[in-house]
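Have a look at the screen, and I'll talk you through it.

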Amino acid sequence: MPVELKPGVYWVGAVDWGVRFFHGHELSTHRGTSYNAYLIVDEKIALLDTVRASFAPELLARIREIVDPAKIDYVIAAHAEPDHSGSLPEVLRHTPNAQLVVSKQGAKSIEGYFHQGWDYKPVGTGDRISLGQNELVFTEAAFLHWPDSMFTYLTGHNIWFPNDAFGQHFATPFRFDDEACPEELATETLKYFVNIINPYSHLVGPKIEEVLSFGWPIDMIAPSHGVIWRKSPAEIIAQYREWAEQKSGKRALVLYASMWEATRKMADAIGEGLTDTNTNHKVIDVSTADRNDLNAEIFNARALIVGSSTINKGPLPDLAPMLIDLKGLKFKNKIGAAFGSYGWSADAVKYIEEQLSGAGIEMVRPGLKCRWQPAAEDLAACRTLGREIGEMLKA
Ligand code: FEO
């Protein structure tokens, strides 16, 4: 069933309850997702975004409950990524009278995906399309999160459609924020921000300022995934501004991978030192952690104490995805230290230090190495390390 947001404005997308990964296996989606497409019926009719290709029949069926797709005047593709544009070929077959509206970069990326030579109408910041009573107003939003990303605002109804921004991979039976479980919504909103938006967090504040400078009233923020923010559009804007500053707080994480328990014992002893200083922290075995959930933990931490056993002159490969993310997601305002056990050479600790430094993490003390299994004095040194980091976080 379509869901009416405001008179003549409908959600016509699809809920994907079963999807457990996005971007291949890059992003876990424990709670599924939704592909939000919106139909705006005015004197002219516009479809804003489509859905993943396999959901095209659902999209077209929902549209047909409202209008004959052949009556659609504009199909707006805000972004080329296939979760939104995947149904374009099918939709355009059923909308022969529609103009395809894209961002300037979208004219290249969507053509690059589909090679159809469609008749694109590129729009940029400030461009408007009148639907009769109300207008669509466009804002380029390059790198939030792709170069072709574009925001759309609907006058009169005061709805901001920011495409992937403010989204969540969160399948729900309802479409609005006030209908969702608050804890689940908060978890998925943060996870989405960290794993998708955070690398471009320096653009978030300025883009929000730009949009607010237009002076538009915003009754709803309708993203392309998850629930629509109608109860608290101002709150999610404020939340994004705060997250974009990456202040990090005072938590610590002890993150490790261990072969024969030696590095794990070190990790636990470091955790005891953090407890000694009443430092909020977690000790996490990264080899069994969900990578994307872990990124959300990392986002909220100020100190990252990272350890691994040494194997083949380096760390355990279980550490590699996290180290790649630390660099790729561009976390800021973090301090770090390394630790690890070894038998013949302590190469893992050196490697971790290099990787953390390369990711912009300030290394605050020399790495801690333990040969074979930790003796009492090794564990005492680990506990001291934990206390030192804890005291730094209090300062
Ligand atoms: Fe939800 Fe960037 O696509």
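This is a predicted model: local features need pLDDT of at least 70, side-chain atom pairs count only at pLDDT 80 or more; totals for chains, interfaces and linings use all residues.

Numbering runs from 1 along each chain as its sequence is written, and side-chain values use heavy atoms, with hydrogens and water left out.

So, the overall view. The protein chain has 12 helices and 24 strands; those are DSSP runs, helices being H or I with at least four residues and strands E with at least two, numbered from the N terminus. Its C-alpha atoms fill a box of roughly 80 × 40 × 35 Å along the principal axes. Of the 395 residues, 56% are buried, and buried here means under 20% relative accessible area, exposed means over 50%, and partly exposed is in between, using a 1.4 Å probe and protein chains only. On contacts, meaning heavy atoms within 4.5 Å: among those between residues at least 6 apart in sequence, 72% join residues at least 24 apart.

Now helix α1, residues 56-64. Which of its residues are buried? Ala-56, Leu-59, Leu-60, Arg-62 and Ile-63. They sit on the same side of α1, because they cover an arc of only 160° around the axis, the arc being that of the directions from the helix axis to the C-beta atoms. What do they pack against? That would be β2, β3, β7, β8 and α3.

Next, two helix pairs. Axes are lines fitted to C-alpha atoms, for helices over the stretch in contact, and angles run from 0 to 180 degrees between N-to-C directions. Helix α5 (182-197) and helix α9 (291-299) pack at about 90°, with axes 9 Å apart. So α5 is roughly perpendicular to α9; that label covers 65 to 115 degrees, while under 35 is roughly parallel, over 145 roughly antiparallel, and the rest oblique. From α5, the contact uses Leu-190, Lys-191, Phe-193, Val-194 and Asn-195, and from α9 it uses Asn-292, Asp-293, Asn-295, Ala-296 and Phe-299.

The other pair is α10 (320-328) and α11 (347-358), whose axes come within 8 Å and cross at roughly 25°. That makes α10 roughly parallel to α11. Leu-323, Leu-326 and Lys-327 of α10 meet Tyr-351, Gln-355, Leu-356 and Gly-358 of α11.

On to single residues. Is Ala-267 buried or exposed? Ala-267 is at 0% relative accessibility, so it counts as buried. It belongs to helix α8 (262-276), and, not counting residues up to four places away in sequence, Ala-267 touches Val-254, Tyr-256, Val-283 and Phe-339.

Asn-158 is in the loop between β14 and β15, yet at 14% relative accessibility it counts as buried too.

Last stop, some backbone geometry. The peptide bond from Leu-144 to His-145 is cis, with omega near 15°. His-145 is in the loop between β13 and β14, and Phe-143 is found in the loop between β13 and β14 as well. Phe-143 has a positive phi of about 75° although it isn't a glycine, and it's partly exposed at 38%. Lys-313 also has a positive phi, near 65°; Lys-313 is in the loop between β20 and β21, and it's exposed, with a relative accessible area of 66%.

That's my tour, over to you.
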